[in-house]
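Q: I have a model open on my screen and I'd like to learn how to read it. Can we go through it feature by feature, starting with the helices?

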Amino acid sequence: MPRIHDLCARIQNGFRGRLQSIAIPETKMNLAVANILYRQGFISAVARGNHLGPDAEYTPTTNENIATRRLWLSLKYKDDKPVLSSMSVISKPSKRVIFTVEEMKRIASGRRAKFIKPLQPGEIAIVSTNRGVLDLHEAIEKKAGGEVLCRAS
């Protein structure tokens with residue numbers, strides 16, 4: 001399983017360093033999380049590329065070039081302040097956090113579930129379900145429980 005804590009650290013450090021774009025390893029999990037962040041407005045673009053920069057034209061990922069493939073995320077700022085202020089891991093390899101739909105509804109409605117604090121306004125949680133990687137509200141709509149990966153605000 002790709003490590004979600006590495007992705008969270010890279011994105012958070014990119015915003016703290018005021019970088020325009022960052023490169024993350026190209027995996028299905030990283031692509032799914034980046035697409036959620038893009039749809040929610042935390043980043044401005046997601047592009048495939050290699051370790052040198054984004055691709056000008058489509059290049060397929062093969063066994064020969066998989067080590068150099070990256071996803072390039074364009075970070076978003078408003079009034080010279082980062083749009084994403086924090087991104088923290090919830091589920092770790094040593095302690096998996098699996099929620100049912102009812103527990104997800106508790107978190108979304110402002111109450112605690114297990115040891116997880118409720119979501120604040122403007123905050124999202126990313127969940128890995130049997131229907132793919134979804135935002136917490138999408139997982140509730142599709143009635144799919146799963147592992148809560150991280151939260152971003």
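This is a predicted model: local features need pLDDT of at least 70, side-chain atom pairs count only at pLDDT 80 or more; totals for chains, interfaces and linings use all residues.

Q: Which residues of H1 and H2 make the contact?

A: From H1 you have Ile4, Leu7 and Ile11, and from H2 there are Met29, Asn30, Val33 and Leu37. Sorted by class, this contact has 6 nonpolar residues, 1 polar and no charged ones.

Q: On to the strands. What is the order of the strands in the sheet?

A: The general idea: strands of a sheet pair through backbone hydrogen bonds, either parallel or antiparallel. In this model, 4 strands make an open sheet in the order S1-S4-S2-S3, with antiparallel pairing. S1 and S3 are the edge strands with a single partner each, so one side of each has no neighbour in the sheet.

Q: And where do the helices sit relative to that sheet?

A: H1 packs on the sheet and touches S1, S2 and S4, with its direction at about 170° to that of S1. H2 lies across S1, S2 and S4 too, and runs at about 155° to S2.

Q: How many bridges join S2 to S4, and how many pair S2 with S3?

A: Strand S2 (residues 43–50) is joined to strand S4 (residues 69–75) by 7 bridges. With strand S3 (residues 53–54), S2 pairs over 2 bridges, again in the antiparallel sense. S2 and S3 form a hairpin, with 2 residues between them.

Q: Last one: how many salt bridges are found in the whole structure, and what does Arg48 pair with?

A: Side chains of opposite charge can pair when their charged atoms come close. Searching the whole structure turns up 8 salt bridges. One of them links Arg48 to Glu26, with the closest N and O atoms 2.9 Å apart. Arg48 lies in strand S2 and Glu26 in the loop between strand S1 (21–25) and H2, so this pair ties together parts that are 22 residues apart in sequence.

Note on methods:
Residues are numbered from 1 along each chain as its sequence is written. Side-chain values use heavy atoms; hydrogens and water are left out. Two strands pair if DSSP finds at least two bridges between them. Contact means heavy atoms within 4.5 Å. Ala, Val, Leu, Ile, Met, Phe, Trp, Tyr, Cys and Pro count as nonpolar, Asp, Glu, Lys and Arg as charged, and the others, Gly among them, as polar. A salt bridge is a side-chain nitrogen of Lys or Arg within 4 Å of a carboxyl oxygen of Asp or Glu. Axes are lines fitted to C-alpha atoms, for helices over the stretch in contact, and angles run from 0 to 180 degrees between N-to-C directions.
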